[in-house]
Each structure stands twice: as C-alpha cells, then as structure tokens.
Amino acid sequence: MIINITSCSKNESSVKSALQSETTSMEDNVYKEVGLRKYNPPIEVHFVREMTDSLQGLLDNLPDETLNDNRWSNLFEEVLGVHMNNEWVESGEIFALKLNHTISSGEIPDIIKVNADQLRILYNDGLIEDLTQVYEEYATPLTKAIFSQEGNAPFDLATMEGNLMAIPVTGSSIEEATYIWIRTDWLDSLGLEAPKTIDDLLKISKAFTTEDPDQNGEDDTYGLMLSNYLWDPIADMEGFMAGFEAFPRLWVEDESGKLVFGGIQPEVKDALQELQKMYKNGEIENEFYYKNGTDVKEMVVQGKLGMFYGEQGSSSFLEESRKFDKQAEWQAFPIVSGAKESAKVPLKYSTSEFFAVKKGFEHPEVIVKLINLYLEKVWGETAEFDTYHSSPLPVWQLSPVSPYPARKNLEAFRQIDYARKNGDMSQLTIQAKHIQTFVEKYLKDSVESFWGWERTYGENGAFAILDQYEKNGQFLYDKFTGPPTATMLERESFLVDLQHETYFDIILGSPIDEFDNFIEKWNKLGGEQITKEVNAWYTHNK
C-alpha cells in the first residue's frame, strides 16, 4: 500500500483537535494508549445499522438490552466517552435500498459501512475523510497487529490516489479456502480410496453415480454437486476448476508479468468441457442450475449426493444429513489437480466492506478508537471474552464494529493439535478451550449436534488440511487488490453475469467454442479496458 502522508495537513489538524478534546487526566482513562483515551466532554456518533435475522434473534434473547442500549454501547460510553446513536435501522432489501439512497443524497451519518463500489462513489463525490494519518496515530499495537494478518491487501482496497479513505472490515481469506467433501461410507462401500489427483476424483464421481453406493438398488445418486451460484461457499465450481489450473475469479500474472483475468484463460475451457461430460453422463444433478443452497442441503439430507467442493463451514451444513442417516460419514479432503505438485488453492481477499467517515466530522479518529476497544475487550490483555463476545450468545453482534484476527481459528486449531499430540490441554487459550470442549462433546459424549465441530477442528478435520495448505505454500491469492476501477464500476456486474451465463450454457451442452465467443464479448464489452486499468494499478503498486 502506498499512502501519501505528505498531503495530510487538514487531517493532521483533525488529529490535533481530537487530542485537545480528550482529557489529560490519566485518572479518567482506563487505558494509557492515545487510541483508547476518553473524550472529555463526551461526543455523540451517528451510525446506521442493518437488523439481520441473527441480530434480531440475539436481541430476542436479551430482554434487558436493545440495539441502542446494550453492553457494548455502555462500554464505549464508559471507557471512550462515545455515545452511540443509530439514525435508522432497517432489514434486508429495505436496508440496502435506504443505504443507497443515503449515499446518493450525500446526507450520510458520521460513520457509514459500505461496499467497495459505494466507497468509490463516496470518494468521487468528496463526501468522506482521509483516514491516513488517523490510522497511523490512533490504531493501537494490537489493532495494527491484527489488521496486518491479511497483509496490505485490505488497505489497498480502501486506498484512493495514495490516501486511506476508509478502515477495511477485515475478514479471514484463508477460511474461504475450499475442500472436497466426500461421503467416506460410500468410498468404503465401493472399495475406493480418497482422491490424490483430478483423475481419481473423476473416477469417484462416476462410481458414485453408476455403482449404487448407498446399495438401495436404485439409480438415484450423483457424483458431484453444483448449485445455481457457481462460486457458492457450498457446492461451488472454483475448487474443481483449480484441478485444471483454472482460476476463474482471480487476476493472475501471465508469463510477461502482466495481470490477466483468470476467467477467460484456456484452462477454464478444459474444465468446462469436463463438467459438460459429467453433466451429460448424469453425474451432476440435471436441474442444478435451479437449485440454491437450501435445495442442495435437502439433497444431502435425502442421501442423494456423494461429493462437492465447499468451505470449512460445510460441516455444519452436513450435520443435518446425519439426523436421517447415522451412517452418513462426510470428511474434508484437500483439493486435487492433474499436476505432480499440490493443487493451488484460489483465494480472493475477503474484505468487502469498509467504514468511512463523513467529510467534516470533527472526530474522524473515533472509528479507530471504537475498533481498538472492541479488539482489546475480546482479544487483548484485558479481554472479557465471555461477556463481550460469546456469553455463550453471540453478543459481539451488538457492537457496530466487530473485527477479529484473521488467523484466530487456524491458530486455535494449531494450539489444540499441539496439545492433542502432547496430551496436555491446560495451556489452551479461551477460544481454543471452547472449541475443544465442543469437539469432545462429540468424541467423548457422542452428542450428535457437535459432529460438525469434530469434522472441522478434529485431528483429520478441515483445519488440519488448511494447516497443510499454508505450510505447503498452496494459496494462490488474487493479484488485483485495488479499489474498483472506473470501468469496473460501470461494466463489471454485466461481465460477471455474462461469465455465469456462458459457463452454465456450456455445462448444459452448448458447443465448447462458445467459450471463445465469450472471450471476444468480454473484451469488447469492457474487459479489455478493465485489464488496462488493472495493469496500470499493478504497475504503480507492485
């Protein structure tokens, strides 16, 4: 990330103003860091919030707390002198429509959470503050350490012309890695071994379709499942394509060192041709293009599916199948390729939302201070995890900011794995202890509702594979990590639809040469210009 710190005179003035408004008496402060210092007098900060089903369910179970008055709002006020005020709260599509209207009107709250396209619009319209100096001055060492776990990419996405225009809502890209989930009881039934190569996987898919793996005497099983969204976290196509060294959602380097869009490369054509054969042979359900995640889950529960690609969270999804068939044993396996080397695991950076601050707001640093306190009370030295994160209810959702260490679950697995091998669980952190307790509820107490935890964090679970992915250097990250380019804002959604439509049509039987027509259309309708803009960014930032 290249940030222009020399052009921050107004921002530096804001920082000085903020420092002057804070109390100089350390007796009034719980923490000594400037990024956790209390405002005196207190300040009021306006947000807008989305009421999700999960958040509403949480509030229903907390009769003494509301979205405006709860343990987090009280903590922010007591420790930082920040009074939270939600200007409006909406749900679902109404929230999205109202947020877009708020942005287009220019009447935004003091702090607003937006996606990458919305951030670019706010920047272009001059509606938000430069947070370059604010982050450098106010982020605590803990915050900087946690936010650096994803590298510079999240900040690159929020950097416009060298200036940090928002604080990224960092996620965990590595937890979006994909695995092959396979019914191992079907493997055993047919005398098959787990796949080592893409050819092995193709043979398993065919056998699961034609050799009656559930031994019910009916032709009613499928080898591989896809859904109507090709990049779904469950039943996605990206992991399969990686087996052909095709990376349809990533910008990758070509031999000349320039970036090219993976979705139009010849390896994708090879993968689509194989999927077309599988569909024709009945290995893929014949109406998959109509089926969403709920439909896929129903097929899993009915015992119709033997294999799919999905993220680590698939284990909780698969748990339902065991309510109807206790013999259904699913296990995660590493994705495979045709090459001798281990398959590359495609990853896009998971940061897709950002906190921006309204232009002219007197205390732009407050967003960083809220993040600092949240991280301190959940992951810092004074953490109260059971009070502010999981009580065991997910009370972290009450806070308008809820960042977390990108590697927290992988590190928890590594702690557990080390402790398992050494026979000593006494040194586990709070989070690792919680996880291990859940794993043991299945292994020792046979509590079926914790089967998914064991499939995720157990000795041979998904995180054991994730651990190896990283140690083997298998992650292939998207090379373009900048904010949306001008042409992306105008044309990308159309090009994504064109890509989906073409891929579906080919799988369903259209001539494979349609892929070549797609490349021509993609370039002509904006892809060629986007490629130029992406490479201009790459040349400037690499």
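This is a predicted model: local features need pLDDT of at least 70, side-chain atom pairs count only at pLDDT 80 or more; totals for chains, interfaces and linings use all residues.
Q: What is the phi of Q215, a residue that is not a glycine?
A: Q215 is placed in the loop between helix 10 (198–210) and helix 11, where helices (H or I, at least four residues) and strands (E, at least two) are DSSP runs numbered from the N terminus. Although Q215 is not a glycine, its phi is positive, at about 55°.

Q: What is the relative accessible area of A235?
A: A235 also lies in the loop between helix 10 and helix 11, and A235 has a positive phi near 65° although it is a residue other than glycine. A235 counts as buried because its relative accessible area is 0%.

Q: Which residues have the most contacts inside the largest nonpolar core?
A: A nonpolar core is a set of buried Ala, Val, Leu, Ile, Met, Phe, Trp, Tyr and Cys residues joined through side-chain atoms within 4.5 Å. The largest such core has 96 residues, and the ones with the most contacts inside it are M237, F240, L272 and Y503.

Q: Which residues does M237 touch, beyond those up to four places away in sequence?
A: Contact means heavy atoms within 4.5 Å. Once residues up to four places away in sequence are set aside, M237 touches L226, L230, W231, L272, L275, Y503 and I507.

Q: At what angle do the axes of helix 4 and helix 5 cross?
A: Axes are lines fitted to C-alpha atoms, for helices over the stretch in contact, and angles run from 0 to 180 degrees between N-to-C directions. For helix 4 (residues 92–105) and helix 5 (residues 116–124), the axes come within 10 Å and the crossing angle is roughly 20°.

Q: Which residues of helix 4 and helix 5 make the contact?
A: Angles under 35 degrees count as roughly parallel, over 145 as roughly antiparallel, 65 to 115 as roughly perpendicular and the rest as oblique, so helix 4 is roughly parallel to helix 5. From helix 4 the contact involves L99, N100 and I103, and from helix 5 it involves Q118, I121 and L122.

Q: Which residues is F247 in contact with, leaving aside neighbours within four places in sequence?
A: F247 is found in the loop between helix 11 (238–242) and strand 8 (251–253), and F247 counts as buried because its relative accessibility is 11%. Apart from its neighbours within four places in sequence, F247 is in contact with A242, G262, G263, K344, P346 and L476.

Q: What is the omega of the cis peptide bond from N40 to P41?
A: P41 lies in the loop between helix 1 (9–21) and strand 1 (43–50). The peptide bond that leads from N40 to P41 is cis, with omega near 10°.

Notes: Residues are numbered from 1 along each chain as its sequence is written. Side-chain values use heavy atoms; hydrogens and water are left out. Buried means under 20% relative accessible area, exposed over 50%, partly exposed in between (1.4 Å probe, protein chains only).
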